[in-house]
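Thanks for coming. Please have a look at the sequence and the model on the screen, and then I will go through a few points.

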Amino acid sequence: MSGEPVTIARRPDRQAVVVKGFFLNHPDVELKIPAHCARRRRSSLQARFRVPIAASYPLTAFREAVAHVQRGGKVMF
């Protein structure tokens, strides 16, 4: 949002990182969002990528979940 170029730090233990930007409310992009979400959902169901979840929280425990993330680890609501 600053207009400055985006820099992404690449970790040596990871595969190449691909970053694609888009304008969410652009008419051409809006039409592609449902299909994109469906592809990502299929990928996650086929376990093509894994995101280890440290803990699950109900939405009512939002503050606790945020505190957990700040200490480290991914959480799921």
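I start with K20, whose place is in the segment before α1. Helices are DSSP runs of H or I with at least four residues, strands are runs of E with at least two, and both are numbered from the N terminus. K20 counts as exposed because its relative accessibility is 72%. On the scale used here, buried means under 20% relative accessible area, exposed means over 50%, and partly exposed is in between, with a 1.4 Å probe and protein chains only.

A word on the source: this is a predicted model, where local features need pLDDT of at least 70 and side-chain atom pairs count only at pLDDT 80 or more, while totals for chains, interfaces and linings use all residues. Residues are numbered from 1 along each chain as its sequence is written, and side-chain values use heavy atoms, with hydrogens and water left out.

Now the overall layout. The protein has three helices and two strands, and along the sequence they follow the pattern α-α-β-α-β. Of its 77 residues, 9% count as buried.

Back to K20. Together with R39, R40 and R42, K20 forms a positive surface patch. Patches take residues with over 30% relative accessible area and no salt bridge, joining like charges within 9 Å and nonpolar side chains (Val, Leu, Ile, Met, Phe, Trp, Tyr) within 5 Å. A salt bridge is a side-chain nitrogen of Lys or Arg within 4 Å of a carboxyl oxygen of Asp or Glu. Lys and Arg count as positive, Asp and Glu as negative, and His and the chain ends are not counted. The charge is placed at NZ of Lys, CZ of Arg, CG of Asp or CD of Glu.

Which residues make the nonpolar surface patch? They are V6, I8, V17 and V19, and the patch covers about 390 Å². V6 is exposed at 68% relative accessibility, and V19 is exposed at 55%. I8 is partly exposed, at 49%. V19 and I8 are 11 residues apart along the chain, and their C-alpha atoms are separated by 8.7 Å.

Last, the aromatic rings. The structure holds one aromatic pair. F62 and F77 form this pair, which is stacked, with 5.9 Å centre to centre and 15° between the planes. Rings of Phe, Tyr and Trp (its six-membered ring) pair if their centres lie within 6.5 Å; planes under 30 degrees apart are stacked, over 60 edge-to-face, and the rest tilted. F62 lies in helix α3 (residues 62–71) and F77 in the segment after β2 (75–76), so the pair ties together parts 15 residues apart in sequence. F62 is partly exposed at 48% relative accessibility, and F77 is partly exposed at 47%.

How values were computed
Areas by Shrake-Rupley, 256 points an atom, 1.4 Å probe, with all protein chains shown as cover.
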